[in-house]
Amino acid sequence: MREQWEKDLACLIVCPRCSLRLENSAERILSIYDHEPICMRCKKEEELRSDYTERSKQMIEQWMAESELNYGDIAGYCYHHFNPFKC
Ligand SMILES: [Zn+2]
């Protein structure tokens, strides 16, 4: 069964942050700040933020702890914060 975040990510047609229109073949990725699906251009901007590395580390640690309780879904969710998703 597909999770809601997965549907949002796959069906994203306009980036909520910069209003860029996304073709079906374009890559999308989850923000590590607000967990919204965003375009790769916005992701690059996030990566430039000074707290990006610290923030990613915290999120991964949190997921590792949570994944012991609920493995499969959390792993996929985590994965798409760092790896682009395509339709
Ligand atoms: Zn964008």
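Me: How many of the 87 residues of the protein chain count as buried?

Reply: Buried means under 20% relative accessible area, exposed over 50%, and partly exposed in between, with a 1.4 Å probe and protein chains only. By that rule, 34% of the 87 residues of the protein chain are buried. This is a predicted model, in which local features need pLDDT of at least 70 and side-chain atom pairs count only at pLDDT 80 or more, while totals for chains, interfaces and linings use all residues. Residues are numbered from 1 along each chain as its sequence is written, and side-chain values use heavy atoms, with hydrogens and water left out.

Me: Which pattern does the protein chain follow along the sequence?

Reply: Helices (H or I, at least four residues) and strands (E, at least two) are DSSP runs, numbered from the N terminus. Here the order is α-β-β-α-α-α, with four helices and two strands.

Me: Which residues of H3 are buried?

Reply: Helix H3 covers residues 52–67, and Tyr52, Ser56, Met59, Trp63 and Ser67 are its buried residues. They line one face of the helix, because down the axis of H3 they fall within an arc of 65 degrees, taken from the directions from the helix axis to the C-beta atoms. Glu61 and Met64 are exposed on the face turned away from that buried side.

Me: Is Cys78 buried or exposed?

Reply: Cys78 counts as buried because its relative accessibility is 15%. Cys11, at 57%, counts as exposed. A disulfide is a pair of cysteine sulfur atoms within 2.5 Å, and the whole structure contains zero disulfides.

Terms used. The expected span of a helix is 1.5 Å times one less than its number of residues.
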